[in-house]
Amino acid sequence: MTAGAGSGLFITFEGIDGSGKSTQCRLLAESLQDAGRDVVLTREPGGSPGAEEIRRLVLEGDPDRWSAETELLLFMAARRDHLERTIEPALAAGKVVICDRFADSTRMYQGVSRGDLRPAVDQMHKLMIGREPDLTLLIDMDPATGLARAKGRQGKEERFEDFGIELQEKMRAGFLALAQEFADRFRVVDGARAVDAVAADVCRLADNALKGTGA
Ligand code: ADP
Ligand code: TYD
């Protein structure tokens, strides 16, 4: 589960809306920085100027603003830009890249939320992205709590939250299935606990990956 010699480590966080990914990304980044690591904290969609512009297109407005197919193209375009300009250069410089969501979110949200687009997602990923994280932390929790937390945040980026609880249920099950499909890089963390308890597990798993034990 470690990156190749001379390169950094690519850690992603996945899970339903409101599960605590952003909180845990920030805490892990702080903890690794305190330990003297060079860390790049980033997110998707976004993480580079061009991809942040695409973020506004996909996250604001009516839930039916885009079809799943159009959305897939927009997310892939954003990811390609993010990869070229932020992720690859940081990894090449030996840094730890911590990313709030990555390709597994596309496998779920565009891949299975409205019809079966997973084959298209996989083909485009292979063609245009071609990189998987070294470690993916799935923050798992029940959708009702996650949605309540996400709604409590209030903001304009509610297109996906407006899809409702049924989508979140489907996404949770789908993420757990992905964790089995990619068992070598996924670790599941119980997110329905106090922030510090979740953070302790996250730090331990990241430390193991950095040490190359992968456990
Ligand atoms: P995500 O990035 O997965 O959508 P956030 O980290 O933004 O989740 O958290 C959503 C909301 O829940 C925020 O208001 C955050 O402060 C709060 N939160 C995060 N983790 C916990 C936790 N373990 N317990 C209670 N509230 C939490
Ligand atoms: P994010 O800002 O991480 O939302 P949250 O903090 O509420 O989890 O992501 C915004 C939304 O974008 C989220 O509902 C999932 C969706 N999304 C996709 O549909 N496909 C993707 O490839 C990515 C990266 C995100």
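Contact, as the word is used for packing here, means heavy atoms within 4.5 Å of each other, and angles run from 0 to 180 degrees between N-to-C directions. The model is a predicted one, and the description below should be read with that in mind.

**Sheet and covering helices**

In this structure, five strands form an open sheet whose order is 2-3-1-4-5, with parallel pairing. The edge positions belong to strand 2 (39–43) and strand 5 (186–190), each of which has a single partner strand, so one side of each is left without a neighbour in the sheet. Direction ignored, neighbouring strands of this sheet are turned against each other by 20 degrees on average. Within the sheet, strand 1 (residues 9–14) pairs with strand 3 (residues 96–100) in the parallel sense over five bridges, and Ile 11 has Ile 98 of strand 3 as its bridge partner.

| Helix | Strands touched | Angle to strand 4 |
|---|---|---|
| Helix 8 (residues 195–211) | strand 1, strand 3, strand 4 and strand 5 | about 165 degrees |

**A helix pair**

Helix 3 (residues 68–92) packs against helix 4 (residues 103–112) at an angle of about 175 degrees, and their axes lie 11 Å apart. Because angles over 145 degrees count as roughly antiparallel, helix 3 is roughly antiparallel to helix 4. On the side of helix 3 the contact is made by Ala 68, Glu 71, Leu 72, Phe 75, Met 76 and Arg 79, while helix 4 contributes Ala 103, Thr 106 and Gln 110. Sorted by class, the residues of this contact comprise five nonpolar, two polar and two charged.

**The cavity**

The structure holds one cavity of 30 Å³ or more, and the space in the largest cavity comes to about 30 Å³. Which residues line the largest cavity? The lining consists of Gly 15, Ile 16, Leu 138, Ile 139, Asp 140, Met 141, Arg 172 and Phe 175, and by class these residues divide into five nonpolar, one polar and two charged. Strand 4 (135–140) and helix 7 (165–181) each supply at least two residues of this lining, and strand 4, with three residues, gives the most.

**Backbone details**

Most residues other than glycine have a negative phi, and most peptide bonds are trans. Glu 44 and Pro 45 are joined by a cis peptide bond with an omega of about -10 degrees, and Pro 45 is found in the loop between strand 2 and helix 2 (49–59). Arg 101, although it is not a glycine, has a positive phi of about 75 degrees, and its place is in the loop between strand 3 and helix 4.

Note on methods: Residues numbered from 1 in each chain as written. Chains lettered and ligands numbered in written order. Predicted model: local features only at pLDDT ≥ 70, side-chain atom pairs only at ≥ 80, totals over all residues. Heavy atoms only, no water. 1 Å grid on protein atoms, 1.4 Å probe; cavity = no way out; pocket = protein on both sides within 12 Å on 5 of 7 lines; lining within 4 Å. Points joined across faces, edges and corners; volume = space filled by probe spheres on them. Helix = DSSP H or I, 4+ residues; strand = E, 2+ residues; numbered from the N terminus. Nonpolar A, V, L, I, M, F, W, Y, C, P; charged D, E, K, R; others polar. Pairing = 2+ DSSP bridges. Parallel < 35°, antiparallel > 145°, perpendicular 65-115°, else oblique.
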